[in-house]
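Please look over the sequence and the structure below. This report goes with them.

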Amino acid sequence: MIELTRRRFAAGALVALGAMLAPPRPAAAQSASAGPPDPQLLEDLVAANHILVDQGVLDGYGHVSARHDRDPSRFLMSRSLAPELVTAADVLEYGLDSEPVAAGRTSYLERFIHGEIYRARPDVRAIVHSHSPSVIPFGATGAPLRPLYHMSAFLSGGVPVWDIERAAGGATDMLVRTPALGYALAQALGARPVVLMRGHGAVVVGTSLPQVVFRSVYTEVNARLQAQAIALGGGNVTYLSPEEAAKAEGSIASTLGRPWELWKRKALAH
């Protein structure tokens, strides 16, 4: 049954201040497609959407992207669709201006999150934008999100909070609708793996789809556990030290295939 589902998934393979912050860029002009992506990358991108729904990170909203394996100036992401419904046939190719190479299908309004981060971070090969529920309070209260246990050691470098009102110079609908806002968000992320979005959600980045899915899941889990620890300890909580976090992250890095294969098998079986 898993193989049948795999084949089905693979069937379709074949703002005023923001404007001042963003550097000038040439007018968008899409060239020809970079070509078909690696079928494995496409399968993994579809699976990532389904996994993150299964794990409670995504619901009817949110999106996942992957940098194109043939051209680093292109990325892959579904058309505007609930993540649980994404198949290979829904995946579009985008340029770093966040516009689809082939017009005619509706794109996510906040696709600029992805294009601007890929532009700013050559090391990033996968991005998740979510409304991960346990994370939301940490973007609105001033309580910093910190690594409570070894599985979330990647949070040790600090998790910035981006405020769209400051970036836009006024009230907005909270959505990253423009390249300028995407650029401002990418600057807030900096070299870190996670940035929170006040009153909205979070963005998580990684060097691969398995890594970004792992980080997205355990950012949500850490936020839930941290809120519980703060409630139990009255604020007296012991977090991982930088040294502990560095050692834990190094140890876990070689095991990411374990949860990825489990989560992917479940997602494909559905």
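## Basis

The model is predicted. Every value below is computed from that predicted model.

## Salt bridges across the chain

The whole structure holds 14 salt bridges. One of them joins R111 and E99, with N and O 3.3 Å apart. Both residues sit in the loop between β3 (91–95) and α4 (112–120), so their bridge ties together parts that are twelve residues apart in sequence. R111 is buried at 13% relative accessibility. E99 is partly exposed at 28%.

A second example links two helices. E249 and R215 form a salt bridge, and their closest N and O atoms are 3.6 Å apart. E249 belongs to α8 (residues 242–253) and R215 to α7 (residues 209–233), so the pair ties together parts 34 residues apart in sequence. R215 counts as buried because its relative accessibility, 11%, is under the 20% limit. E249, at 34%, is partly exposed.

D163 lies in the loop between β5 and α5. Its relative accessibility is 15%, which makes D163 buried. R198 forms a salt bridge with D163, and the closest N and O atoms are 2.8 Å apart. This pair links distant parts of the chain, 35 residues apart. R198 comes from the loop between β6 (194–197) and β7 (201–206). D163 comes from the loop between β5 (161–162) and α5 (164–168). R198 is partly exposed, with a relative accessible area of 26%.

The two side chains also count as joined by a polar contact of 2.8 Å. The bridge is part of a network of salt bridges that links D163, E165, R166 and R198. D163 and G199 are 36 residues apart along the chain, and their C-alpha atoms are separated by 8.3 Å.

## Helix α8: two sides

Helix α8 has twelve residues. From its first C-alpha to its last, α8 reaches 16 Å, close to the 16 Å expected at 1.5 Å a residue. Which residues of α8 are buried? They are A245, A248 and I252. Seen down the axis of α8, these buried residues fall within an arc of 70°, so they line one face of the helix. The spacing has a general background. An α-helix has 3.6 residues a turn, so residues three or four places apart point the same way.

What do the buried residues of α8 pack against? Their partner is α7.

## The nonpolar core

How many residues make up the largest nonpolar core? The count is 69. Those with the most contacts inside this core are I117, W162, V203, L209 and V213. Helix α3 (residues 39–54) supplies the largest share, nine residues. In soluble globular proteins, nonpolar side chains tend to be buried together.

Methods: Residues are numbered from 1 along each chain as its sequence is written. This is a predicted model: local features need pLDDT of at least 70, side-chain atom pairs count only at pLDDT 80 or more; totals for chains, interfaces and linings use all residues. Side-chain values use heavy atoms; hydrogens and water are left out. A salt bridge is a side-chain nitrogen of Lys or Arg within 4 Å of a carboxyl oxygen of Asp or Glu. Helices (H or I, at least four residues) and strands (E, at least two) are DSSP runs, numbered from the N terminus. Buried means under 20% relative accessible area, exposed over 50%, partly exposed in between (1.4 Å probe, protein chains only). The expected span of a helix is 1.5 Å times one less than its number of residues. The arc is that of the directions from the helix axis to the C-beta atoms. Contact means heavy atoms within 4.5 Å. A polar contact is a pair of N or O atoms within 3.5 Å; within protein, one must be able to donate a hydrogen and the other to accept it, and residues adjacent in sequence count only if both atoms are side-chain atoms. A nonpolar core is a set of buried Ala, Val, Leu, Ile, Met, Phe, Trp, Tyr and Cys residues joined through side-chain atoms within 4.5 Å.
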